[in-house]
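Subject: Structure for you to look at

Hello,

Here is the structure I said I would pass on. Please open it next to this email and follow along; my notes come after it.

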Amino acid sequence: MSDLASYEAKIQSAASAADLDALELEIFSRKHGALTLAMKDLTALPPAEKVKKGQELNRSKQTLTDALATRRNELSQKSLGALSSEDKLDVTLELPPKPRGHLHLIPEFIRQVEEVFGRMGFEVAEGPELESEKYNFNDLNIPDTHPARDSQDTFWISDIKEKLPPDKKFVMRTHTSNMQIRFASTHKPPFRIICPGRVYRKDSDATHSPMFHQFEGMMVGKDVSLANLKGVLVTAMRELIGRDVEFRFRTGFFPFVEPGLEMDMMWQGDESESREGKWLEMGGCGMVHPNVLKNCGIDPDEWQGFAFGFGVERPLMIKHQIPDLRSFYHGDLRFLRQF
Ligand code: PHE
């Protein structure tokens with residue numbers, strides 16, 4: 001009995017919940033528990049003593065059960081108290097910023113293009129990438145013999161050897177100029193449009209990709225002039241690429257404009273480098289050819305306009321010093337996150 005009585009003090013001074021569990025097992029275990037064994041010993045006693053001893057054991061059982069519960073409760077209160085004083089939680093601390101995505105360089109640039117030209121009154125028009133020969137070539141005054149039509153440069157979807165009418169023969173559009181025809185043949189002038197999108201050519205190396213992006217612009221009105229074209233382009237490109245970029249216009253040939261020009265920009269990446277050979281071709285432009293207007297049902301004696309078609313990747317490569325065009329499309333986050 002004295003044995004059992006000593007457990008009460010042990011329970012009261014137990015230092016942890018684990019110690020309490022061990023004590024509980026020592027006392028109450030069904031096989032070797034001190035109380036269990038004492039109960040077993042009862043059977044050997046004469047009846048009168050058995051009753052007395054049995055009552056005593058029952059009281060001990062109750063005392064020890066209560067003591068265990070009390071100490072358990074005390075210990076858990078203590079550990080809660082310790083938690084609140086040791087593990088201080090500062091709810092006013094700022095969290096580290098969550099990682100956030102952002103637009104890819106190309107759509108980001110296209111949005112800027114739409115915004116800058118939008119401010120000059122240009123509306124955005126979009127059209128198909130799978131295009132008929134008629135819209136991609138014929139109505140743009142591009143002769144049947146023009147090298148751009150060659151299957152070495154162009155992804156033909158239809159069999160080129162087959163004699164099909166131009167509106168039944170399909171290519172992946174080689175430029176966004178198809179939108180000049182699509183828009184002008186369905187809208188009454190005056191209008192100004194900007195048409196960004198994907199175009200396709202059979203080219204693939206560090207500076208060419210079989211799919212790339214262009215944006216086409218077209219403005220038709222009663223007295224739209226070449227001076228307007230230059231004014232609009234220089235203003236827009238300064239906004240898009242940089243205030244102090246220099247531009248120059250050279251004559252160029254495209255069957256759908258007359259006169260035709262090419263716009264170059266001077267890239268001043270590194271002041272120490274010579275300026276020689278740093279003129280970079282941005283794209284073509286010019287006054288819309290009268291045949292193109294006629295093909296769209298617009299009277300060239302009454303209306304005139306300008307058009308331009310620029311690449312998207314090229315100026316981005318220069319601006320961010322990206323050596324290989326293909327990095328735009330690989331989807332490697334280590335590359336994309338830099339911008
Ligand atoms: N479509 C021409 C190209 O892809 C660019 C261009 C557009 C030139 C409009 C003149 C006018 O090279």
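How many residues does the hairpin that joins β6 to β7 pass through? The hairpin that joins them passes through five residues. Please keep in mind that this is a predicted model.

**Domains**

The domain assignment divides the protein chain into domain 1, residues 2-86, and domain 2, residues 105-336. Taken over C-alpha atoms, the centres of domain 1 and domain 2 are 90 Å apart.

**The sheet**

Seven strands form an open sheet with mixed pairing, and their order is β1-β4-β5-β9-β8-β7-β6. At the edges are β1 (123-124) and β6 (246-251), each of which pairs on one side only.

β6 and β7 are antiparallel and share six bridges. Is β7 mostly covered or mostly open? β7 is mostly covered, with eight of its 10 residues buried.

**Helices on the sheet**

Helix α8 (residues 226-241) lies across β5 (211-221), β6, β7, β8 and β9 (304-311). The angle between α8 and β9 is about 30 degrees. Helix α10 (residues 313-320) packs on the sheet as well, where it touches β5, β7, β8 and β9. The direction of α10 makes about 150 degrees with that of β8.

**The ligand**

There are 14 residues around the ligand, and those that come nearest are His 175, Ser 177, Arg 201, Gln 214 and Gly 309.

- His 175: an N or O atom in its side chain is 3.0 Å from a nitrogen atom of the ligand.
- Ser 177: an N or O atom in its side chain is 2.9 Å from a nitrogen atom of the ligand.
- Arg 201: a polar side-chain atom is 2.8 Å from an oxygen atom of the ligand.

**Backbone details to check**

Most residues other than glycine have a negative phi, and most peptide bonds are trans.

Which peptide bonds are cis? One joins Pro 189 and Pro 190, with omega at about 5 degrees. Pro 190 sits in the loop between α7 (178-184) and β4 (191-200). Another cis bond runs from Glu 258 to Pro 259, where omega is near -5 degrees. Pro 259 belongs to strand β7.

Asn 141 is not a glycine, yet its phi is positive, near 70 degrees. Asn 141 is in the loop between α6 (133-136) and β3 (170-172). With a relative accessibility of 23%, Asn 141 counts as partly exposed. Gln 321 also has a positive phi without being a glycine, here near 50 degrees. Gln 321 lies in the loop between α10 and α11. Its relative accessible area is 61%, so Gln 321 counts as exposed.

Where is Ser 327 found? Ser 327 is in the loop between α10 and α11 (333-336). Ser 327 counts as buried because its relative accessible area is 18%, and the cut-off for buried is under 20%. The side chain of Ser 327 reaches the backbone oxygen of Asp 324 at a distance of 2.6 Å. If neighbours within four places in sequence are left aside, Ser 327 is in contact with Ile 322 and Phe 335.

Gly 297 lies in the loop between α9 (290-295) and β9. Is Gly 297 buried or exposed? Gly 297 is exposed, because its relative accessible area is 68% and exposed means over 50%. Gly 297 and Ser 185 are 112 residues apart along the chain, while their C-alpha atoms are separated by 6.2 Å.

Regards

Methods:
Residues numbered from 1 in each chain as written. Predicted model: local features only at pLDDT ≥ 70, side-chain atom pairs only at ≥ 80, totals over all residues. Heavy atoms only, no water. Domains from an automatic or database assignment. Pairing = 2+ DSSP bridges. Helix = DSSP H or I, 4+ residues; strand = E, 2+ residues; numbered from the N terminus. Contact = heavy atoms within 4.5 Å. Axes fitted to C-alpha atoms, helices over the stretch in contact; angles between N-to-C directions. Buried < 20%, exposed > 50% of the residue type's maximum accessible area, 1.4 Å probe, protein only. Polar contact = N/O pair within 3.5 Å; in protein donor to acceptor, adjacent residues only side chain to side chain. Near = heavy atom within 4 Å.
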